Every structure is written in C-alpha cells, then in structure tokens.
Amino acid sequence: MTSEQMTTDSGTDVASDRVDGLVNRLTLEEKIDLVHGDVDPDGIATGYVPPNERLDIPSLSLIDGPLGVRAGDGTPATGFPASIALAAAWDPELARDMGETMAAEARALDQDVLLAPGFNIVRVPQCGRLFEYYSEDPHLNSRIAVGSVEGIQAGDVAACAKHYVANNQETARMEMNANVGDRALRELYLRAFEAVVEEADVASIMAAYNHVNGTHATENRRLLTDILKDEFGFDGFVVSDWWATTDGPAAARAGLDLDMPGATLPEMAPETNVLYRTIDTLSTFEWLSPDDATELVTSIVGLESSECRVHRSEKFDDDLLQAVEDGRVDESVLDEKVRRILGQMDRFGLLEGEQPDGEIDVPAHHERSRHIAQRGTVLLQNEDDVLPLSTEDLDSMALVGPHADEPKVGGGGSSEVDPSSKIGPLDGIKYRVDGDVDVSFERGGPPVQGGDDRDVTVWNLSAETVADSVFGDDDDPADVSVAPAVEAAEDADVAVVVVQDAATEDFDRPLSLPNNQDELVSAVAEVAEETVVVLRTAGPVEMPWADEVEAIVEAWYPGQEDGRVVASILFGDAEPSGRLPVTFGERPGDYSVNTRRQHPGIDFEAEYSEGVFVGYRHFDNADIEPLFPFGHGLSYTDFEYTDVSVESGDGPTATVQVTVENVGDRDGYEVVQAYLGQDDPSVERPPKELAAFESVELAAGEETTITLSIEERDFAYYDEDGAAWTVDDGEYTVSVGRSSRNIVATETITVE
Ligand code: GLC
C-alpha cells in the first residue's frame with residue numbers, strides 16, 4: 001500500500017500503523033521534543049516543532065492567522081479584511097474561499113498549520129479582539145467557522161480553531177476565570193467548536209489563556225478530554241495559546257497535546273525585545289526581584305504584568321520529562337499526544353513532505369481580499385438614497401478624518417499582517433473619481449491612539465515604542481482642530497467622514513470613538529449639504545450623531561484594499577452586501593453584559609450571569625431597541641419576499657421556503673434569515689434564535705426560491721439537570737426576515 005492510500009479519507013485509523021510504528025521507535029526524550037515548540041531557525045513560523053532527523057520526521061511549522069499570514073521575518077502577505085467583516089457577508093462559501101487563499105500563502109512559506117480561524121463568541125462588544133472573531137450568534141458563528149476550516153484544510157494546511165474556550169475578553173485574559181453555566185457554554189460558547197470538529201474535522205484546537213469555572217483552559221480535563229475529545233470526537237491535537245501553559249504535568253494529564261512556543265519572546269525576537277532585556281538586567285544584577293522588575297517595567301509601558309509570563313517556557317520540556325520519569329504522568333499519556341500530532345502530520349502529507357507549493361502576495365489574492373471586504377461592508381443607514389454617489393452629480397467632496405488618508409489593514413496583536421501594497425480612502429477615492437470630482441482632505445482631529453502603528457503590546461515592543469512610552473513621543477503632532485474640516489465640508493457637495501477605533505489584542509476597547517471624532521462628525525454634519533460616515537471599527541460603537549448624518553457605512557477593518565473598497569462602495573461599483581453579525585446597541589448599558597461583575601470581572605472572576613441572553617437574544621428579551629439590529633444591512637436595490645411557507649418535517653425539524661425577488665434596478669445580494677422561538681417554553685428561552693440563513697446574489701428583476709432547513713438542534717436547549725440537549729413538545733414560531741428586527745412573515749408549527 002502506498003502512503004497515499006494509507007492516509008486517505010478514513011483518516012487516522014488507517015494511518016495509525018505508520019504513526020504507531022514511529023511512536024514505538026521514539027525514545028522518551030525524543031517524544032518530549034515533539035510535544036513542545038522551539039525557535040524557528042528561519043525566523044518565519046510563529047510556532048515550530050523541530051524535526052527528528054534520526055527517524056526522518058520533518059519539522060512542524062505553525063503560523064498566525066487569522067487575517068492573513070504573519071511571517072516572523074516580515075515577508076509580505078495579503079492583508080485580508082477583519083474576520084468580523086468576513087462574517088458580515090453571511091456566506092460560508094466566502095469563508096471557504098478566504099481560508100483556501102490564506103492556506104496557499106501559508107504553503108508558499110512552507111508552513112503547515114495556520115493559527116486560524118478564531119471564533120470566540122462576541123459576548124461583550126468591548127472585546128479587544130472582536131475584529132478577529134465572527135459573531136454574537138452561535139449558528140452564524142458555526143457556519144462561518146466550518147467554511148473557514150474547510151477552506152484552509154482544502155488548501156492542504158491544517159487549521160487551528162481558537163481560543164478554546166470562553167476567552168471573550170482581553171482584560172486580564174491570563175488571570176481571568178470565566179464562571180459560565182453549562183447551558184450557555186453548550187448553547188453559545190462551545191457550539192462552533194463542536195461544529196468544526198464534527199463537520200470539518202479540524203486538525204487542531206488552541207487552548208485559551210483564561211480559566212473556565214475555576215480551572216485553567218490548558219488544564220481543564222472536562223473541556224479538553226471529556227467534552228472535546230471523548231464527546232465531540234476530536235482526533236487532532238490541542239495546542240496551548242502562546243505561553244498559556246502554567247503547569248506542564250497538570251496540562252498534560254488534562255489533555256493538552258502541544259505546548260507553545262517553548263521559547264521565550266526574547267529568544268524568538270531578540271532584536272526587538274527591549275522590555276525583556278530590561279527585566280532581565282534588573283533581576284540579573286539583583287536590583288529587583290524578577291517579579292518586581294516585571295511589575296515595574298510593564299507598568300511603565302502600560303502592559304499587564306501577566307503578559308510577561310512569557311519567560312516561562314519549559315512546561316512540556318523539563319517539567320513534563322521529570323513528571324514522566326517519576327511517574328506523575330504515565331508515558332502512555334505522552335504517547336497519545338505524539339500520536340495525535342504525528343497523526344495530523346500524516347493526514348496532511350507532511351511526513352512524506354507532500355505539501356504542494358503555494359503563492360503569496362499575488363494580485364489574485366489581493367483581489368479576493370477586496371471582494372471579501374466589499375461583501376462584508378454594511379450599509380447601516382442611507383437616507384434619501386444619498387448613496388451611491390455619482391461623479392456626474394458631484395463637483396466637490398470633502399474627505400475628513402484623522403486617518404482618512406491611511407489604510408486600516410487590521411487591528412493590533414498577533415493577527416497583524418504586513419502587506420506589500422495598501423491603499424487608504426483618500427487615494428482610493430481620488431483614483432475612482434479620476435479628476436471628475438474635486439476632493440479635499442482635512443484630518444479634523446488628532447491621530448487616534450496607535451493609528452496604524454497600534455498600541456504597545458508584547459507583539460511590537462521595539463526599543464522605540466518603549467522609549468516613547470517612557471519619555472513621551474516628541475513626534476506627536478499638536479492637537480488638530482475641527483475648524484478646517486468644517487470649512488471644507490461647508491464648501492463641498494458632500495462630506496465623507498472616515499472615523500475609526502484602535503482595537504488590539506491584549507486590551508479591551510471603549511465603545512465610544514476615540515478623541516474628538518464624535519464632535520467632528522456632528523460639526524461636519526451641521527454645515528455639510530450631505531454627510532456620509534464611514535466607520536472603520538472592530539465592532540459596535542456609540543453613534544450619538546446617527547440622526548444628524550444621511551448615510552453610515554460600516555467597513556470594519558477592510559484590509560490592504562481599504563481605499564479601493566471604500567471608494568467602490570461609495571460610488572456603487574460594488575454592493576454593500578453585508579449584514580450585522582453583532583447587535584449595535586445605542587449605549588453600553590443596553591447590552592446584557594453591563595456590570596463590572598460580568599465584565600471585566602472583579603478579582604479576576606467574570607460572572608456570565610446573563611446566561612444565554614447575549615446579543616440580540618438579550619435585546620429581544622428585554623425589549624430594548626438597538627441602534628442597528630443583528631442581521632441588519634441595507635442595499636442599493638430592493639427585495640421583495642413572497643410565498644413564505646413552513647413545513648414540519650420528521651421529528652423536530654422544519655423546512656422554510658421563500659421567494660425573493662430583486663425588484664430594484666441594480667444587481668444585489670440579499671441575506672434571507674430564519675429565526676426560531678418556542679412559544680411557551682418550560683425554561684427561560686430567547687424569544688427567537690437564528691436557525692438558518694442564505695445569502696443570494698440576484699440580478700435586477702431576478703427572483704429565486706430559497707429553501708432553508710431548521711434542524712433538531714435548533715429546536716433544542718441544553719438541559720443542565722439532565723445534561724442533555726432537549727426538545728420540548730409544543731408550539732414554535734418560525735420568523736422569516738431581513739434582520740432580527742425586520743420580520744416579513746411568521747408561521748407557527750407544532751412539535752409533538
Ligand atoms: C497569541 C494569541 C493567539 C496567537 C498566538 C501566537 O497571544 O492569543 O491567537 O495565535 O499568540 O501568536
């Protein structure tokens with residue numbers, strides 16, 4: 001039998017002879033060397049397991065993820081839009097496409113595992129990594145996550161789903177304990193992980209930084225072994241988040257398979273890491289204890305001292321070796337880890353060195369990035385059909401915004417990609433109007449903290465950033481006033497204001513726009529004939545000026561093609577086909593997570609007391625009018641729904657049919673959404689929950705009939721007492737609509 005025959009479809013069972021053979025021949029020390037990382041000699045990988053030359057086992061390279069490929073040596077890669085923008089397209093096929101494209105870029109760098117997708121539920125809109133995640137809704141989350149994993153793995157690269165689990169905030173992410181009940185865990189937080197295991201056979205899963213119900217995510221036997229491996233049937237490997245592991249033997253017994261990165265940050269990036277050298281120097285000369293030195297230096301640069309756990313690196317190295325030698329961890333436990341890692345290497349042809357070549361940073365990939373960003377752009381408001389703009393009707397435009405001349409490629413942290421070409425709105429618009437419209441540009445305010453340079457995080461601690469934090473940044477431009485922007489807006493036919501936040505890993509974000517951007521929008525709107533606001537935000541922000549402006553476009557973080565994307569949407573060359581994957585509340589208190597006990601938590605305890613009432617589940621339940629509801633997004637054309645029918649199937653299932661017609665005079669995309677709610681539930685349940693959706697492209701005048709399936713799981717809730725998914729008999733209402741608050745038809749069905 002050839003190795004190819006051995007490793008096809010039926011997967012690890014067939015492959016296990018070969019993998020078992022290797023496991024049997026490895027010495028204890030060699031096995032230990034396969035379950036932790038080390039420094040990549042090429043400086044490209046984010047995580048690297050060295051080869052075993054004696055047995056011809058190649059190295060394993062893992063790379064970030066998830067907005068593109070982040071090469072440690074700065075090799076340029078395509079900068080894709082934020083994950084939340086992808087999710088906003090409500091199109092699993094698009095996620096597949098993005099996954100496959102990123103996989104090709106990973107292969108071009110000889111990388112084997114892409115550390116993507118990330119899909120923690122958007123529990124709090126303040127989450128600093130919101131832009132790296134998908135949605136507040138577990139169904140949408142699961143569909144996009146499955147598409148993404150399938151795409152990456154169809155591209156012959158192993159996917160790594162992260163961060164398992166309940167890593168829903170950045171504040172004190174390493175100390176935080178998420179106290180979350182089983183029902184919310186099952187119905188919200190675990191759903192997409194379950195889906196990528198069962199439907200997409202994901203190769204690896206990353207254990208998170210936080211604790212869950214009192215036990216660290218890397219040491220949580222119930223989550224890693226009982227639920228993930230035994231119940232869901234996950235047969236890949238669990239890798240720790242970087243420096244997350246705190247107790248090697250405990251994590252080994254609980255079900256962690258691979259400890260990353262196995263090296264300290266200064267070892268991995270010696271030239272940039274002034275922070276660690278300073279801590280090191282202070283403690284080596286015994287001026288301060290290591291802890292005090294860490295505390296002092298991190299407080300100066302504005303980091304949580306917990307981020308400096310990065311000096312611990314030996315968890316699955318000496319610690320685990322010792323534990324196996326003295327019997328605290330059985331060697332069979334170690335064998336199982338090696339088997340899981342080698343099993344996936346075998347599955348992806350890595351043991352044979354079979355990975356096909358890839359391509360990175362090529363025009364075709366840039367075009368995909370642009371298309372995805374366009375598909376994910378959400379037209380939130382469009383009074384008097386101000387958009388799309390037309391060069392024929394306009395003589396002049398005032399472009400305003402502190403960074404309207406710069407691209408917003410992504411957010412800060414481990415997902416930062418370095419594209420070779422990028423374009424901001426100013427250039428994008430200028431190219432588009434090609435001299436036909438007079439475009440002026442005024443910032444109207446000071447730079448948003450970090451701007452495109454981002455905040456200080458462990459990922460970009462150059463000597464300069466640290467020095468700037470300590471001594472102040474002399475280059476800081478003086479405050480920029482709104483006056484010139486207002487003047488420009490007064491003179492122009494239309495004002496376009498580009499506003500943004502500066503979300504980054506390691507920190508949660510406020511919901512109000514930074515600096516004077518709210519004032520800027522109001523000041524411009526007061527004088528401008530027409531005002532269009534383009535938001536480049538990680539997620540929801542407050543918009544106290546929403547009633548003062550005509551149009552609002554949510555472009556998220558559009559990636560390297562930013563300027564071309566924004567221009568194409570404003571001038572109608574592309575349809576703003578996105579729908580909100582998260583609810584935009586009017587004010588922070590409107591969201592269900594709005595006390596300190598819930599977020600960020602008190603004494604490192606975050607209480608998930610809202611249960612399953614997250615996002616629109618809460619807005620519906622508490623009857624709070626959102627600023628813009630979940631599922632909302634306008635179009636440049638109009639759609640009409642007719643002939644909605646709902647039929648009960650076998651058991652608790654249903655089929656929805658609806659005819660959708662594009663009755664406008666432009667082509668467009670519509671996202672048909674079906675929600676399900678139990679009429680008189682025996683336990684408290686959300687009034688309705690997304691059960692199925694489909695995104696369709698319809699030419700002007702075209703109509704189509706959509707069929708949506710509602711499955712048994714959609715009818716079920718997780719019964720904590722019986723520890724089982726349960727469907728109650730009774731009446732259920734199916735609501736078909738264009739958003740969670742724009743329902744065009746409802747029908748009641750009975751489950752018996
Ligand atoms: C992190 C992240 C994770 C990333 C890893 C490696 O801090 O939480 O998403 O893949 O480190 O960069």
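**Entry 1: the sheet**

I began with valine 656, which stands opposite leucine 708 in S21. The model I was reading is a predicted one.

I then looked up the strands on either side of this pair. Strand S18 covers residues 654-662 and is joined to S21 by eight bridges, the two running antiparallel. I next asked which strands make up the sheet and in what order they lie. Three strands form an open sheet, ordered S17-S18-S21, with antiparallel pairing.

I noted the edges as well. Strand S17 (639-648) and strand S21 (703-710) each have a single partner strand, so one side of each is left without a neighbour in the sheet. From one strand to the next, I recorded an average twist of 15°.

**Entry 2: the ligand**

I looked up individual distances to ligand oxygen atoms:

- For aspartate 64, a polar side-chain atom lies 2.4 Å from an oxygen atom of the ligand.
- For glutamate 505, I found a side-chain N or O atom 2.7 Å from a ligand oxygen atom.
- For tyrosine 209, the distance from a side-chain N or O atom to an oxygen atom of the ligand is 2.8 Å.

Finally, I asked how much of the ligand's exposed area the protein buries. The ligand taken alone exposes 310 Å², and I recorded that the protein buries 100% of that.

Note on methods: Residues are numbered from 1 along each chain as its sequence is written. This is a predicted model: local features need pLDDT of at least 70, side-chain atom pairs count only at pLDDT 80 or more; totals for chains, interfaces and linings use all residues. Side-chain values use heavy atoms; hydrogens and water are left out. A polar contact is a pair of N or O atoms within 3.5 Å; within protein, one must be able to donate a hydrogen and the other to accept it, and residues adjacent in sequence count only if both atoms are side-chain atoms. Accessible areas come from the Shrake-Rupley method with a 1.4 Å probe; for residues, only the protein chains shown count as cover. Two strands pair if DSSP finds at least two bridges between them. Helices (H or I, at least four residues) and strands (E, at least two) are DSSP runs, numbered from the N terminus. Axes are lines fitted to C-alpha atoms, for helices over the stretch in contact, and angles run from 0 to 180 degrees between N-to-C directions.
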